Amino acid sequence: MCIALKYGIWNVSNPDANAVNTLVGAGYAPLTAMILSARGIKDGQTAQKQLSCDTALLDPYLMTDMDLAAGRVGLAMTRGEKIAVFGDYDVDGITATCLLTDFLRRHGADCISYIPGRLEEGYGLNPIAIDYLHKQGVKLIVTVDCGITAVEEARLCKQLGIDLVITDHHECKEQLPEAVAVVDPHRPDGGYPHMTLSGVGVAFKLAAALTGDQEAVLRDYADMVCLGTVADVMPLVGENRVFVSKGLESIRHTRRPGIAALMKECGCTADNVSATTIGYMLAPRINAAGRMGQINWAVDLFLTHDSVQAEHLARSLCDLNRQRQQVESQIYNDAVSMLPAGQPPEAIVLADETWHQGVVGIVASRMAEEYCCPTFLICLDGDHGKASSRSFGGFNLFASLTALSDLLESYGGHELAAGFTISRQNIPQFREKICQRAADYYCTSGPRTVLDIDCAITPELLTVRGIDSLSALEPCGNGCPKPVLMMKNLIAERISLVGNGRHMRLRLRSGHHTINAIYFSANPQAVSIEPGDLVDVAFHPQVNEFRGERSVQMNVLDIRPSCSYECSPEMGGYARIATGTLTADETAFLLPERATLGAVWRYLAGLERTVQEDPLCLCRKIVRWANQPLSLGQMFTCLDIFRDVGLLRYTRQHKDILIDLTPGDTKADLSQSQTMQKLLHAKES
């Protein structure tokens, strides 16, 4: 069995027995109590506070500059000045734009909305948009979900005599724009307790400040606040839980023709609306408008009062999303065909003149996961290219782009996702250097793909009633994730393919318990699993309903070989053996005992073939075979010792390790290994 682990590290929390008993005494079901305890909640009062969807909303005026923002917008309404609400082209920006535009119009303001074209103008305030709004007679621009870094654009507004009010939720830089008001919960001089509002959440707060009645504004716009909050993956804690809970209820009984039409068009019914539904069904269709250059379709969908127009727009957005999927598929196929033959590179850097800038980020994300390496896809336009990139396994994109900034024209982003512009002639050199950085990273650290698991459970706890009890955790999302559980030592009794071979269905057994499982986008060949294998399974628990029958089902997230002993992913300072800078504890951890060396060698010698596996998977298999503990760092130390004395050759790749046993004297003196001598010297010093 050579299981292709999706996550190298399973970070399993352990519930506290006393806390579980206390939570059960407070009325929570045992399975729910275990999950709450694993998340650090120890009593019913704390659980109620964390999960409450009725938290009192905070005063909008706690936000720095909210008084100035509300005052200037109110003055513009009194004077009859033309106001422009300036937003962003994602779901958060669209809902924020529509919320504030609709609110101001309802209250008699002369208000227009403006969202820049993703391809023509890019993100945020820009000179093209400001000049256009100036010619339209706009006297006040109110940004939503953008503007916090628009220092130069703010100066341009001032030169043209346009007042600027900024509302945003992104991190502030050292210099704030010169505006009438800058409202952002992240302001360093701000005192707003809830810093994780979405862009639409901040726009809602401005509307609430203008009326003085938050509850009334929330009744009118909870659906929009909910959509933007979930789509922008904001933590569902504090006020955000209120927004999403009330918003889901509003969506279930929506009076907004556009939302009703979109739900109907994509097969979303009132009884199955959830934060997950928004993320996987509604949000992609709204986002398609910005990605494919038809942003007005999404804006009109939210603002229309005409059900016929709403149905047309919803249909158009769904068609547009299908087009986006087709474009995505074409770019993906093109990119895969451009990969070099043989082993995949340490990093993927590809460029093409025909790729769609609004879609390459999705493809980069898909390829990074599929090929297990950072991916950079560049849309070429003449002598320049604009790239979207996605990380894999903890490789820091922003730090790497900073290190290679002399090859770039501009760049931005964070560790996991980033973008940059580059001269066409610099692409080959960038590819060479980024691949080397990725190779260095993976050879010293290995990909750090981590799955956080709430707790391990026994089959007795996985019941329909127990899973139903998990509704106490809803709404689930970022900050309050869907429960992830683990079950050990399951026999893969039956394996079959469903969904035209795209998904894998399993029947798992533990003692007299049998459990059905579904593993999406997986097959036995890719996962390398066979009937009879003993495995651990990480999964989302769910209830499957079929022909009126409700049964337990695992939605599988990952599978790994079962082990009786610990198989730690810890490297324990392994990379510092070569530099001779190990601490005493690290030396003691890595210096292998004779029994450990013997176990690793006998396992490899028994294979009689070239080994190509995920290192942690190989480590787990050695642990199972030898029936003794082993860490990843200790395994690599053993391999280095064997290589030093000519017993084997091995190479590291970003995903796998390749090992070839070399013919020769199997009685080699391991004490002559340079690695062993360095460890022994470190032990003595």
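# Briefing on local features of a predicted model

Strands S15 and S16 make a hairpin with 2 residues between them, and Gly511 in its turn has a positive phi of about 65 degrees. The model is predicted: local features need pLDDT of at least 70, side-chain atom pairs count only at pLDDT 80 or more, and totals for chains, interfaces and linings use all residues. Residues are numbered from 1 along each chain as its sequence is written, and side-chain values use heavy atoms, with hydrogens and water left out. Helices (H or I, at least four residues) and strands (E, at least two) are DSSP runs, numbered from the N terminus.

**Strand pairing**

- Strand S15 (residues 503-510) and strand S16 (residues 513-519) run antiparallel and are joined by 7 bridges; two strands pair if DSSP finds at least two bridges between them.
- Leu508 has Ile515 of S16 as its bridge partner.
- S16 is also joined by 3 bridges to strand S18 (residues 549-561), and these two run parallel.
- Asn516 has Gln553 of S18 as its bridge partner.

**Helix H7**

- Helix H7 spans residues 151-160, and Val151, Ala154 and Cys157 are buried in it. Buried means under 20% relative accessible area, exposed over 50%, and partly exposed in between (1.4 Å probe, protein chains only).
- The buried residues of H7 line one face of the helix, because they fall within an arc of 115 degrees when seen down its axis; the arc is that of the directions from the helix axis to the C-beta atoms.
- Glu152 and Gln159 are exposed residues on the face of H7 turned away from its buried side.
- Helix H6 (127-135), strand S4 (138-143) and strand S5 (163-167) are among the elements that cover the buried residues of H7, where contact means heavy atoms within 4.5 Å.
- Gly161 follows H7 and has a positive phi, near 80 degrees.

**Cysteines**

- A search of the whole structure gives 0 disulfides, a disulfide being a pair of cysteine sulfur atoms within 2.5 Å.
- Cys157 is in no disulfide, and the nearest cysteine sulfur, that of Cys146, is 11 Å away. Cys157 has 1% relative accessibility and counts as buried.
- Cys266 is in no disulfide either, with the nearest cysteine sulfur, that of Cys268, 5.5 Å away. Cys266 is buried, at a relative accessible area of 11%.

**Aromatic rings**

- There are 12 aromatic pairs in the structure. Rings of Phe, Tyr and Trp (its six-membered ring) pair if their centres lie within 6.5 Å; planes under 30 degrees apart count as stacked, over 60 as edge-to-face and the rest as tilted.
- Phe376 and Phe430 form an edge-to-face pair, 5.5 Å centre to centre with 80 degrees between the planes.
- This pair links distant parts of the chain, 54 residues apart: Phe376 is in strand S8 (residues 375-381) and Phe430 in helix H17 (residues 427-444).
- Phe376 counts as buried at 0% relative accessibility, and Phe430 counts as buried at 0%.
- The pair of Phe636 and Tyr650 is tilted, because the ring centres are 6.3 Å apart and the planes are at 35 degrees.
- Phe636 lies in helix H23 (residues 632-644) and Tyr650 in strand S22 (residues 648-652), so the pair ties together parts that are 14 residues apart in sequence. Phe636 and Tyr650 are buried.
- Phe86, Tyr114 and Tyr132 are linked by ring pairs into a cluster.
- Arg366 lies over the face of Tyr332, at 3.6 Å from the ring centre. A charge sits over a ring if NZ of Lys or CZ of Arg is within 6 Å of the ring centre and within 35 degrees of the ring normal.

**Backbone geometry in loops**

- Most residues other than glycine have a negative phi, and most peptide bonds are trans.
- The peptide bond from Glu474 to Pro475 is cis, with omega near 0 degrees. Pro475 is in the loop between helix H18 (464-469) and strand S14 (485-498).
- Val233 is not a glycine, yet has a positive phi of about 55 degrees. Val233 is in the loop between helix H9 (214-231) and helix H10 (239-252) and counts as exposed at 51% relative accessibility.
- Asn627, a residue other than glycine, has a positive phi near 60 degrees. Asn627 is in the loop between helix H22 (615-626) and strand S21 (630-631) and is partly exposed, with a relative accessible area of 43%.
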